[in-house]
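Let's take a walk through a protein model together. Keep the sequence and the picture open while you read.

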Amino acid sequence: MRLLDRYILRNFLVPFLLCFFGFLAIWLVFDFSGNASDFIDGHASPRFIVNFYLSQLPQFAVICLPVGLLLALLYAMSRMSRSNEIIAMLTAGQSLGRLLMPLVVFGVLLSLVCLALNYSMAPRAESRKKVLLEQLGKKKEKNAFLESQLFRNRSANRTWFVRKMPVRANDKSVLQGIHITQQDAEANITTKWYARQARFRPAREGAPARWVLEEGKTVHFEADGDVASEAIWKKLEVADWNETPWRIASSNVDAQGLSVSDLRDYLRHNADFPDAQLAPYRSHLQYRWALPWSCLVIVFLAGPLGIVYSRRGVLAGVAGAIFLFAANTFLNYLMLAFGKGSLVSPFVAAWGSNIAFGLIGIYLLYLRSANRDFPKVGRLFGFR
């Protein structure tokens with residue numbers, strides 16, 4: 001690394017760390033003030049409180065790292081501009097792109113960090129928060145269980161009704177109050193199963209996956225709907241069903257709280273759902289990959305606007321960068337809403353904002369490198 005790169009990074013990293021940890025301190029104060037009564041009522045230990053906030057840190061970091069990056073870039077570049085350091089570097093033969101190169105590399109690294117956090121830890125932070133609060137007795141039982149869960153397996157023409165099951169179901173979950181209806185291709189009911197509870201046994205050591213139904217009965221129907229036969233049993237094992245507890249519980253789960261692996265599992269297991277119902281999950285899957293790269297987009301937006309050659313230009317550059325950041329955030333959420341509503345493709349919903357403002361940033365960098373004035377937005381609305 002050249003001496004110039006180290007100097008630029010040193011001028012940038014100090015305000016960046018101050019901005020990020022300043023936002024972190026503000027968040028801790030506000031969140032702790034909101035949860036302090038619950039901690040006291042639940043007799044939470046210091047270790048519990050530390051674990052609670054460590055579980056929320058990935059979600060907060062993904063949100064606030066881009067904001068800290070924006071403010072730090074504007075401060076560092078404008079300060080170096082006011083002291084004529086940028087002009088001295090350009091006069092020494094360095095191009096503007098070369099000056100911003102260490103910041104671009106830092107933006108890529110920061111995007112990769114956000115990408116790692118946004119893969120699993122950040123999306124699951126909210127559900128983790130609910131689990132920890134439940135341990136303190138804050139939440140009622142209805143928040144830990146799904147009541148009257150209905151699941152339709154369209155590929156197998158099978159409908160499940162579960163009276164009660166865990167929200168975060170896994171292979172060890174017990175489903176209570178089971179009513180399963182099997183239909184043929186013409187939607188005629190052929191068989192019904194009733195059980196007090198059901199357990200799932202995943203495939204192990206060559207044995208296929210199977211469901212174990214306990215204390216229930218099976219009813220077979222004729223083609224005209226009359227009962228053909230009934231059988232009462234204490235335990236019944238069925239090995240040809242492809243449902244899992246997680247698939248049944250996730251049929252109506254919010255896409256926003258699912259990790260990348262959860263979203264992939266949902267789309268794979270529920271591929272027979274209508275496209276409109278799968279659109280939010282497809283959009284959020286793309287969004288998990290696209291959101292972290294907003295850090296790199298911010299470098300291209302704030303870098304050129306932070307480099308100015310007059311006091312008036314400093315104010316205009318800072319205002320312009322903040323305006324573009326706000327517009328990028330607004331368009332980001334707007335496109336995601338369009339994607340969830342199946343109005344645009346998942347790729348456009350997730351990546352459209354980054355691509356659009358990334359191109360704007362590259363254009364601004366070109367104008368600043370060519371020492372040309374930025375277009376004045378006010379003229380578009382008739383102002384001078």
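What does the accessible surface of the chain come to, and what share of it belongs to carbon and sulfur atoms? It comes to about 20400 Å², and 61% of that belongs to carbon and sulfur atoms. One thing to keep in mind from here on: this is a predicted model.

## The overall build

Start with the parts list: the chain has 11 helices and 6 strands. If you follow the C-alpha trace along its principal axes, the chain spans about 90 × 50 × 45 Å. Now try a quick check against a simple reference. A compact globule of 384 residues would have a radius of gyration near 21 Å, but this chain comes out at 28 Å.

What about the inside? Of the 384 residues in the chain, 45% are buried. Taking contacts between residues at least 6 apart in sequence, 62% of them join residues at least 24 apart.

Zoom in on Leu 69 for a moment. Setting aside its neighbours within four places in sequence, Leu 69 is in contact with Phe 12, Phe 16, Phe 106, Leu 110, Cys 295, Ile 298 and Val 299.

You'll find Phe 39 in helix 1 (residues 3-41). Is Phe 39 buried or exposed? With a relative accessibility of 4%, Phe 39 counts as buried, because the cut-off for buried is under 20%. Not counting residues up to four places away in sequence, Phe 39 touches Phe 32, Ala 44, Phe 48, Ile 49, Phe 52, Tyr 53 and Leu 136. As for Asn 51, it sits 12 residues from Phe 39 in sequence and 13 Å from it in space, C-alpha to C-alpha.

Helix 5 has its own hidden side chains to look for: Ala 125, Lys 129, Val 131, Leu 132, Leu 133 and Glu 134 are buried there. Helix 1 and helix 2 are included in what covers the buried residues of helix 5.

## Glu 214 and its partners

Next, move to the strands. Gln 197 belongs to strand 4 (residues 189-201), and at 10% relative accessibility it counts as buried. Its side chain makes a polar contact of 2.6 Å with the side chain of Glu 214. Leaving out residues up to four places away in sequence, the residues that Gln 197 touches include Val 174, Leu 175, Ile 178, Val 212 and Leu 213.

Glu 214 has another partner too: Arg 199 forms a salt bridge with Glu 214, and their closest N and O atoms are 3.2 Å apart. Arg 199 is in strand 4 and Glu 214 is in strand 5 (residues 210-221), so the pair ties together parts that are 15 residues apart in sequence. Glu 214 counts as buried at 14% relative accessibility, while Arg 199 is partly exposed with 27%.

The structure holds 8 salt bridges. One of them links Asp 262 and Arg 124, with the closest N and O atoms 3.2 Å apart. Asp 262 lies in helix 7 (residues 260-269) and Arg 124 in the loop between helix 4 (96-119) and helix 5 (125-135), so this pair ties together parts that are 138 residues apart in sequence. Asp 262 is buried, with a relative accessible area of 13%, whereas Arg 124 is partly exposed at 34%.

Arg 268 counts as exposed at 53% relative accessibility, and Asp 265 is partly exposed, with a relative accessible area of 24%.

Conventions:
Residues are numbered from 1 along each chain as its sequence is written. This is a predicted model: local features need pLDDT of at least 70, side-chain atom pairs count only at pLDDT 80 or more; totals for chains, interfaces and linings use all residues. Side-chain values use heavy atoms; hydrogens and water are left out. Helices (H or I, at least four residues) and strands (E, at least two) are DSSP runs, numbered from the N terminus. Buried means under 20% relative accessible area, exposed over 50%, partly exposed in between (1.4 Å probe, protein chains only). A polar contact is a pair of N or O atoms within 3.5 Å; within protein, one must be able to donate a hydrogen and the other to accept it, and residues adjacent in sequence count only if both atoms are side-chain atoms. Contact means heavy atoms within 4.5 Å. A salt bridge is a side-chain nitrogen of Lys or Arg within 4 Å of a carboxyl oxygen of Asp or Glu. The radius of gyration is taken over C-alpha atoms; the globule rule is 2.2 Å times the number of residues to the power 0.38. Accessible areas come from the Shrake-Rupley method with a 1.4 Å probe; for residues, only the protein chains shown count as cover.
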